[in-house]
Amino acid sequence: MDTYDLIVIGAGPAGEKGAAQAAYFGKRVAVVEREPYPGGAGTNTGTVPSKTLRETALYFSGLNRHSLYGVDYQLKSELTVKELMYREHEVVRSLRQVISENLGRHRIDVIHGLGSFEDPHTVRVVAAGQPDRVLQAEVILIATGSVPTRPTDAPFEDPRVHDSDEILELERLPRTLAVVGAGVIGCEYTTIFGALGIKVTLIDGRDRLLGFLDAEMADQLRLQMGFLGIDLRLKEGVSRYVPEAGGVRLELQSGDSLVVDQVLVAAGRVANVGKLAIERAGLGVNKRGLIAVNERYQTSVEHIYAAGDVIGFPALASTSMEQARVAMVHAFDLPKYKTQVAPIFPLAVYTIPEIAMAGETEESCRQHRIDYCVGRGFYRTNARGQITGDLSGEVKLIFRYPDKRLLGVHIIGEIAAELIHVGLMALQTECTIDMFVNTVFNYPSLGDAYKYAAYDGLGAVQRRAAESPRLHH
Ligand SMILES: Cc1cc2nc3c(=O)[nH]c(=O)nc-3n(C[C@H](O)[C@H](O)[C@H](O)COP(=O)(O)OP(=O)(O)OC[C@H]3O[C@@H](n4cnc5c(N)ncnc54)[C@H](O)[C@@H]3O)c2cc1C
């Protein structure tokens, strides 16, 4: 029996960072990982592969640069799966190495095999061809992540029907593709394949894309999807999948049907607790199949913590890492520099175009009866926007009226996921939009669009102030 201060089950973003946090402060840590390499969905099947494929699609399609040089850039004909996946394999391999080095540098024991609880302090690790190992620890962190949901009516046994893990193992590029489910993952892959010139149909039961986004950004995405030739079918669902010799026929709830070469079912993800035997630790899952935790990521058994996708929303690599760090600071009573996950976190949707947001949307302001104004800065009137050729981008600021306190930031366009951090810092430090007016931004830079969004916002405040007395009479 090996004894540790901490056993972490799962070496995805949460597991890696939680383990490193404790080890950095001198704790003896073991990480149990069932896959031959660390990284989880963050590095191996989710975040990193999909973002790398996006870059590849932009490169081969020339989409973010086409027409800039007076040349009608054509998609490289007959792109192969090998070409499409080349960078993905390279990047994933390098990042696995980076993670292994990080774990090594912190002297963390990485134990390969499937971990499951024997009792609240004991984890058994089972690996094919190896004797079982039994580990004990004072503290345990469950970081087993999530797996794609597989609706029972979708014929995944057909090699043309994929979930979001399998789409990375394509044997040939689809000629036509149906994406079922317009969540973040579905929308991202839709635009990636759409950019590659593949005819994509995106099907979803809801009446708008990505309900958490500011509606203006979601509408803009819808428009841009149209420019990519994507056939978007909202308020629609698949009633039956019929595999045929020439393709997969989708019978739709509206009565329509379509035949596509391949299908990606992006139906969300479920917590990965199946083989953990959490009941032996005195734990269970809630109604949504998730492990419930308190604000310090402690489960109902106080020395067992859980972080990342296994606890549900927001189920992002970014927040998973931070949750695990906060959990470990609490578990080992480490110097109190990180006692909570920042309450405002950024969201990025790596569609083409990219979208990012932080804070309130117009819809949430209305719902909470917050009086607000809006200011917009456009890439098309920004020098860098003109230079790069992204003319449809926009920075939108939502702020409280009349005190101009920033409430939300929404960006669509090139490097939105990077630019959002400027707004995020302003939100976190409770700034007014005057902060942007009074800041010197690089010129030319897309960041400068913040300043013009703020100027536009000041104009909106003036118009409101001029209107208000009249409204009161
Ligand atoms: C297609 C896609 C795109 C995404 N894009 C983004 C994005 O752009 N930005 C973002 O922030 N997030 C993104 N995400 C979400 C992000 O990948 C997850 O939120 C993140 O990986 C969760 O981290 P985790 O450590 O909780 O779990 P995971 O990354 O799922 O890691 C869990 C690990 O635990 C291991 N494991 C499970 N059970 C056991 C067991 N019993 N014993 C041993 N090991 C076990 C697994 O093998 C895995 O390595 C994306 C996800 C997908 C699928």
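Reader: Which residues line the largest cavity?

Author: Rolling a probe the size of a water molecule over the atoms shows where empty space is left. Here Pro-148, Thr-149, Ser-164, Ile-185, Val-265, Ala-266, Ala-267, Gly-268 and Arg-269 form the lining of the largest cavity. A cavity is a set of points, on a 1 Å grid over the protein atoms alone, where a 1.4 Å probe fits but cannot get out, and lining residues have an atom within 4 Å of a point. This is a predicted model, in which local features need pLDDT of at least 70 and side-chain atom pairs count only at pLDDT 80 or more, while totals for chains, interfaces and linings use all residues. Residues are numbered from 1 along each chain as its sequence is written, and side-chain values use heavy atoms, with hydrogens and water left out.

Reader: What volume does the largest cavity have, and how does its lining divide by class?

Author: Its volume is about 50 Å³, a volume being the space filled by probe spheres set on grid points that are joined across faces, edges and corners. The lining divides into five nonpolar residues, three polar and one charged. In this scheme Ala, Val, Leu, Ile, Met, Phe, Trp, Tyr, Cys and Pro are nonpolar, Asp, Glu, Lys and Arg are charged, and the others, Gly among them, are polar.

Reader: Which polar atoms lie at the ligand's oxygen atoms?

Author: A polar contact is a pair of N or O atoms within 3.5 Å. A polar side-chain atom of Glu-33 is 2.6 Å from a ligand oxygen atom, and a side-chain N or O atom of Arg-34 is 3.0 Å from an oxygen atom of the ligand. From the backbone, a polar atom of Leu-316 is 3.3 Å from a ligand oxygen atom. The protein buries 94% of the 1,000 Å² that the ligand exposes when taken alone, by the Shrake-Rupley method with a 1.4 Å probe.

Reader: Where are the cis peptide bonds and the positive phi found?

Author: Most residues other than glycine have a negative phi, and most peptide bonds are trans. The bond from Phe-313 to Pro-314 is cis, with omega near 0°, and Pro-314 lies in the loop between strand E17 (304-306) and H7. Strands (E, at least two residues) and helices (H or I, at least four) are DSSP runs, numbered from the N terminus. The bond from Ile-352 to Pro-353 is also cis, with omega near 5°. Tyr-297, although not a glycine, has a positive phi of about 70°.

Terms used: Polar contact = N/O pair within 3.5 Å; in protein donor to acceptor, adjacent residues only side chain to side chain. 1 Å grid on protein atoms, 1.4 Å probe; cavity = no way out; pocket = protein on both sides within 12 Å on 5 of 7 lines; lining within 4 Å.
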